Amino acid sequence: PAECSKRAKMEKVQSFFGDMWNEITSQSVPTLENKSWGIGLFVLNIFLPGIGTLVAGIKAEKNTTMVIGLFQFLTAWIILGWIWSIWWGWLLFSKASEGYGSLGN
C-alpha cells in the first residue's frame, strides 16, 4: 500500500511538470480579461521579473503558471529569467489586447 501511494505521488508530480513543460513550449499564457491587465502584468514582468506571470497564474488559478513565474523570478539574476519574464509579459499583453498566435503564425 505504501509503495502504491508513493507511485501515485510520483505520477502526480511527473504529470504536473509535464503540464508545465507543455505550457512553456507551447507558450500558453492565461487569457486576461482586458488590455489593462495585459499592460500591467507586462510592466510588472519587466521591472519585477516573474511577478506578472505569478499574478496571471493566481488570477487564472493555474498552478503551472504560478510555478513558471517563480522560476522566472529565481533565474532573473542570471538574466535568463528576466528575458523569459519579459517575453512572457509580452505574450500576456498580446493575448489580452488583440488575440494571440504562437510564433510563426
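Reader: Which residue lies over the face of W37?

Author: A charge counts as sitting over a ring if NZ of Lys or CZ of Arg is within 6 Å of the ring centre and within 35 degrees of the ring normal; here K59 lies over the face of W37, at 4.1 Å from the ring centre. Please keep in mind that this is a predicted model, in which local features need pLDDT of at least 70, side-chain atom pairs count only at pLDDT 80 or more, and totals for chains, interfaces and linings use all residues. Residues are numbered from 1 along each chain as its sequence is written, and side-chain values use heavy atoms, with hydrogens and water left out.

Reader: Which residues of α2 are buried, and which are exposed?

Author: Buried means under 20% relative accessible area, exposed over 50%, and partly exposed in between (1.4 Å probe, protein chains only). In α2, the buried residues are G38, L41, F42 and N45, whereas S36 and F47 are exposed on the other side of the helix.

Reader: How are the rings of F42 and W90 paired?

Author: Rings of Phe, Tyr and Trp (its six-membered ring) pair if their centres lie within 6.5 Å, and planes under 30 degrees apart count as stacked, over 60 as edge-to-face and the rest as tilted. F42 and W90 are edge-to-face, with 5.8 Å from centre to centre and 65 degrees between the planes. F42 counts as buried because its relative accessibility is 18%, while W90, at 38%, counts as partly exposed. The rings of F42 and F93 have centres 6.2 Å apart and planes at 20 degrees, so this pair is stacked. Together, F42, W90 and F93 form one aromatic cluster.

How values were computed. Helix = DSSP H or I, 4+ residues; strand = E, 2+ residues; numbered from the N terminus.
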